[in-house]
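Student: I would like to go through this structure and ask what stands behind each label.

Tutor: Then let us look at it and take the labels in turn.

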Amino acid sequence: EGNASVMRRIFEWNRYEFAIMEDEEEFRQSILAKKYYLLAMKNAKTNKFRALCLRMAARCEKNRLLNTREFYDNYYSADEEKILQNNLYYRQLKRDYSECFDDLASGCENFKEYFEARR
């Protein structure tokens with residue numbers, strides 16, 4: 001869930017009210033972020049940066065999956081393994097960039113190294 005979406009909600013949250021915002025679907029599913037990560041991956045010049053873009057798209061896809069009916073009812077106790085199995089971007093990351101998978105799937109500690117490899 002992106003920072004820009006959060007900034008648009010600051011006013012609503014400060015009023016202690018919850019309102020359905022016009023960009024609710026985008027906020028919950030990271031649709032634009034995923035679009036831009038995939039575009040960056042398509043135009044990337046190095047495998048490390050492609051892998052990072054794919055990892056970020058996988059995170060966006062996880063947001064989308066968590067907001068589907070299958071997972072939404074158990075949002076906080078969703079089975080991570082089942083989410084990974086349904087996430088085509090994590091599967092692609094594991095298949096096409098297996099040498100990077102552990103670095104990128106375990107956390108964000110290595111993101112800087114992969115981002116700096118973009119050129």
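Student: What makes S30 a buried residue?

Tutor: The model is a predicted one. S30 has a relative accessible area of 4%, and buried means under 20%, so S30 is called buried. S30 sits in the loop between α2 (24-29) and α3.

Student: What is noted about phi of S30?

Tutor: Phi of S30 is near 55 degrees. That value is positive, in a residue other than glycine.

Student: Why is L39 called partly exposed?

Tutor: The relative accessible area of L39 is 43%. Exposed requires over 50% and buried under 20%, so a value of 43% falls in between and L39 is partly exposed. L39 belongs to helix α3, residues 31-43.

Student: Which residues form a nonpolar patch with L39?

Tutor: The patch on the surface consists of L32, Y36 and L39. Together they have about 290 Å² of accessible area. A patch residue needs over 30% relative accessible area, and L39 has 43%, so L39 passes that cut-off.

Student: How do you know that K34 and E61 form a salt bridge?

Tutor: Their side chains meet at 2.6 Å, N to O. The rule asks for a distance within 4 Å, so the pair counts as a salt bridge. K34 lies in helix α3 and E61 in helix α4, so the bridge ties together parts that are 27 residues apart in sequence. Both K34 and E61 are buried.

Student: What makes R95 and D96 a salt bridge, and how exposed is each?

Tutor: The N to O distance between their side chains is 2.8 Å, and the limit is 4 Å, so the pair qualifies. R95 has a relative accessible area of 60%, which is over 50%, so R95 is exposed.

Student: Why is the pair K112 and E116 counted as a salt bridge?

Tutor: The closest N and O atoms of K112 and E116 are 4.0 Å apart. The rule says within 4 Å, so the pair is counted. Both residues lie in helix α9, four residues apart, about one turn of the helix. K112 is exposed at 59% relative accessible area, and E116 is exposed at 51%.

Student: Is Y114 buried or exposed, and how do you know that?

Tutor: Y114 has a relative accessible area of 2%, under the 20% cut-off, so Y114 is buried. Y114 is part of helix α9, residues 111-116. Y114 and D103 are 11 residues apart in sequence, and their C-alpha atoms are 9.4 Å apart in space.

Student: Which residues line the second largest pocket, and how much space lies in it?

Tutor: The lining is made of R55, M56, R59, K62, E80, L84, Y90, F101, A105 and F111. The elements giving two or more residues to that lining are α4 (47-66), α6 (80-86) and α8 (98-105). Helix α4 gives the largest share, four residues. About 170 Å³ of space lies in the second largest pocket.

Student: What makes up the lining by class?

Tutor: The lining of the second largest pocket has six nonpolar and four charged residues, and no polar ones.

Technical notes. Residues are numbered from 1 along each chain as its sequence is written. This is a predicted model: local features need pLDDT of at least 70, side-chain atom pairs count only at pLDDT 80 or more; totals for chains, interfaces and linings use all residues. Side-chain values use heavy atoms; hydrogens and water are left out. On a 1 Å grid over the protein atoms alone, a cavity is a set of points where a 1.4 Å probe fits but cannot get out, and a pocket is an open set with protein on both sides within 12 Å along at least five of seven lines; lining residues have an atom within 4 Å of a point. Grid points are joined across faces, edges and corners, and a volume is the space filled by probe spheres set on the points. Ala, Val, Leu, Ile, Met, Phe, Trp, Tyr, Cys and Pro count as nonpolar, Asp, Glu, Lys and Arg as charged, and the others, Gly among them, as polar. Patches are made of residues with over 30% relative accessible area and no salt bridge: like charges are joined within 9 Å, nonpolar side chains (Val, Leu, Ile, Met, Phe, Trp, Tyr) within 5 Å. Accessible areas come from the Shrake-Rupley method with a 1.4 Å probe; for residues, only the protein chains shown count as cover. Buried means under 20% relative accessible area, exposed over 50%, partly exposed in between (1.4 Å probe, protein chains only).
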